[in-house]
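Here is a short tour of one protein chain. Have the viewer open as you read, and follow along from the whole chain down to single residues.

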Amino acid sequence: MSSSGVWIFWAILSAVFAALTAIFAKVGIEEVDSDLATLIRTGIVIVVLSAFVVATGKWTSPLALSSRTWTYLALSGLATGASWVCYFRALRFGDVSKVAPIDKLSLVLIGVYAFLFLGERPSAREWTGFGLVTAGVLLLAFRR
């Protein structure tokens with residue numbers, strides 16, 4: 001696979017694992033509080049990712065990172081944690097086939113935020129795609 005197509009491979013795997021996350025989480029929270037379930041899941045992520053980073057020789061001292069890097073990684077971590085807490089609570093009360101599509105509105109928000117904060121300029125075709133995703137989310141989540 002050429003280096004220009006590597007991101008597609010990883011993005012597809014991300015989607016596969018995200019889908020499995022929703023299914024496993026829905027079953028996993030049946031007998032436990034959703035916040036405790038999120039904590040357990042986070043602990044597992046920490047252990048597995050730590051082992052992966054060490055095993056692949058990617059460990060470097062976090063103290064060597066700039067304050068800017070720390071700030072934005074911390075903000076990203078806080079946003080991830082908030083997202084996971086909200087997602088697990090939504091799964092507790094809703095069908096995974098309705099919760100997951102609404103969660104994917106993040107795709108549209110990413111486009112808007114990238115435009116507003118990162119200076120990215122999606123094409124008309126890409127904005128159309130964001131609109132179609134929004135329509136799809138509404139169709140899937142609010143079906144009768």
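## Ground rules

A residue counts as buried under 20% relative accessible area, as exposed over 50%, and as partly exposed in between (1.4 Å probe, protein chains only). This is a predicted model, where local features need pLDDT of at least 70 and side-chain atom pairs count only at pLDDT 80 or more, while totals for chains, interfaces and linings use all residues. Residues are numbered from 1 along each chain as its sequence is written, and side-chain values use heavy atoms, with hydrogens and water left out.

## The whole chain

Of the 144 residues in the chain, 16% are buried. The chain has six helices and zero strands; helices (H or I, at least four residues) and strands (E, at least two) are DSSP runs, numbered from the N terminus. The C-alpha trace spans about 50 × 45 × 35 Å along its principal axes.

Contact here means heavy atoms within 4.5 Å. Among contacts between residues at least 6 apart in sequence, 68% join residues at least 24 apart.

## Helix α3

Helix α3 covers residues 67-93, 27 residues in total. Its first and last C-alpha lie 39 Å apart, close to the 39 Å expected at 1.5 Å a residue, where the expected span is 1.5 Å times one less than the number of residues.

Which residues of α3 are buried? They include Tyr87, Phe88 and Leu91. The cover over the buried residues of α3 includes α1, α2 (34-55) and α4 (96-103).

## Ile23 in helix α1

Ile23 sits in helix α1, residues 6-28. Ile23 is partly exposed, at a relative accessible area of 45%.
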